[in-house]
Amino acid sequence: MSQYVTRKTPGDTAWFTCNRFGMFIHWGLYALPARHEWIKSREMITEEHYDLYFEHFNPDLYDAREWARQAKAAGMKYAVMTTKHHEGFCMFDSAFTDYKAPNTPAGRDLVREYVDAFRAEGLRVGFYYSLIDWHHPDFPIDMLHPRRDDADALAQNEGRDIKRYAEYMRNQVRELLTNYGKIDILWFDFSYSSSKGTGDKAWMKGKGKEDWEAEALLKMARELQPGIIIDNRTEIEQDLWTPEQYQPQEWIRHAETGELVTWEACQTLSGAWGYHRDEQTWKSPEMLIRMLVNTVSLGGNLLMNVGPTARGYLDARAEAALKVYADWMKVNSRSIYNCTMADQEFLSSLPRDCRFTQSSDGRRLYLHLYAYPFAHIQLNGLAGKVKYAQFLHDASEIKFTEGAVHHFSVGAAKAESLLVLEIPPVKPPVLVPVIELFLK
Ligand code: GLC
């Protein structure tokens with residue numbers, strides 16, 4: 001068994017930490033301007049102009065089954081899709097607003113198709129739901145709001161009642177957790193109660209758990225879907241720590257108790273979450289694989305994002321990135337699923353430019369080669385511990401010696417604890433080769 005134990009939380013995280021890899025989907029009206037999902041705030045776009053996106057949202061090529069097939073092929077085991085992002089637009093059919101996909105040319109509930117398609121492919125289904133809402137008339141203007149620079153912003157806040165907005169959220173979350181069967185993850189985003197306005201905007205306040213009435217919201221969610229996994233972004237700690245566009249350097253610990261926690265890094269293929277036509281910082285194939293391996297090597301999950309176009313398909317760059325995962329995972333997923341951080345005794349043996357993961361039953365160690373070395377890999381401390389070794393991608397034997405480097409030119413390089421793998425001179429045709437070590 002793995003030696004690591006994580007902090008107990010109310011949700012069912014057992015399936016989650018076995019599955020390790022999921023697809024984040026950011027899809028909404030912001031796919032039309034195609035220049036960041038925060039565009040309404042960044043460019044302080046008026047309701048009137050933003051309505052153009054509502055009127056023209058016609059994802060005629062949306063085929064959720066196609067997304068689900070690609071996610072599955074990439075080795076992803078679950079997905080989390082935006083049901084509402086900060087713009088306030090609902091991708092689902094809600095009885096509590098007209099600002100929803102069925103009232104656009106899309107003409108239907110887009111969340112339902114996502115749920116059905118992903119479930120049909122055997123993937124677990126999650127919902128992202130934005131706590132922030134730049135459309136709702138009761139959401140008070142603050143420093144992130146598109147109307148923040150209006151001369152009469154303060155006056156516009158008259159009559160905006162966050163209590164009514166909190167109730168609206170409860171109503172919608174109830175719909176989401178009632179009308180779509182079993183939902184595995186609820187991903188709230190996000191709180192900023194410590195933010196304060198400055199200068200003539202000193203009256204502006206960030207928002208957090210009090211504003212969302214998070215306690216009631218969470219209580220309801222737990223009643224409707226007892227085992228559901230919920231993130232911590234309401235400002236009330238739940239199941240999931242969510243570092244964003246940042247790769248932790250060690251297993252995340254609870255701030256007060258120091259316990260290890262369940263964590264999930266969320267990352268983008270390029271630099272935005274929503275479809276961004278002109279964004280150019282697409283991650284390289286090597287980086288994509290390394291981010292997944294690095295995450296699992298520190299006991300975490302990776303939620304990798306796609307931002308579908310307003311036509312409803314994943315653009316060629318996103319498809320190519322998913323293919324990178326598909327090719328690698330097809331033959332290497334055994335070092336990801338049911339794997340976690342290697343036990344401490346092995347970590348000290350880790351050679352340069354490598355990462356370990358270890359199966360959670362403790363019996364196999366996976367050595368990921370980031371830079372392919374010449375001929376020998378020396379693992380100091382592993383002598384006597386390994387029964388058999390092979391490349392994971394093709395199950396071809398890797399021979400090894402123990403106690404010394406057997407090479408004519410290094411007569412004296414004896415070391416009792418040394419295990420030396422003999423690898424072929426040519427790097428096998430996988431982005432990151434993995435050596436599977438069967439432990440005694
Ligand atoms: C952020 C952003 C957002 C994105 C999210 C994903 O907090 O506001 O656009 O949806 O992170 O983690």
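Mentor: Start with a term. Buried means under 20% relative accessible area, exposed over 50%, partly exposed in between, with a 1.4 Å probe and protein chains only. Helices (H or I, at least four residues) and strands (E, at least two) are DSSP runs, numbered from the N terminus. This is a predicted model: local features need pLDDT of at least 70, side-chain atom pairs count only at pLDDT 80 or more, and totals for chains, interfaces and linings use all residues. Residues are numbered from 1 along each chain as its sequence is written, and side-chain values use heavy atoms, leaving out hydrogens and water.

Trainee: Which residues of H4 are buried?

Mentor: In H4, residues 64-73, they are Ala 64, Trp 67, Ala 68, Gln 70 and Ala 71.

Trainee: What puts them on the same side of H4?

Mentor: Their arc around the axis is only 165°, so they share one side of H4. The arc is that of the directions from the helix axis to the C-beta atoms.

Trainee: What do the buried residues of H4 pack against?

Mentor: Strands S1 (21-25) and S2 (78-84), plus helices H5 (110-120) and H11 (316-332). Contact means heavy atoms within 4.5 Å.

Trainee: Where does Met 91 lie?

Mentor: In the loop between S2 and H5.

Trainee: Why does Met 91 count as buried?

Mentor: Its relative accessibility is 1%, so Met 91 counts as buried. Leaving aside neighbours within four places in sequence, Met 91 contacts residues including Trp 27, Phe 57, Asp 109 and Leu 110.

Trainee: What does Asp 109 reach at the start of H5?

Mentor: A side-chain oxygen of Asp 109 comes within 2.9 Å of the backbone nitrogen of Val 111.

Note on methods
Polar contact = N/O pair within 3.5 Å; in protein donor to acceptor, adjacent residues only side chain to side chain.
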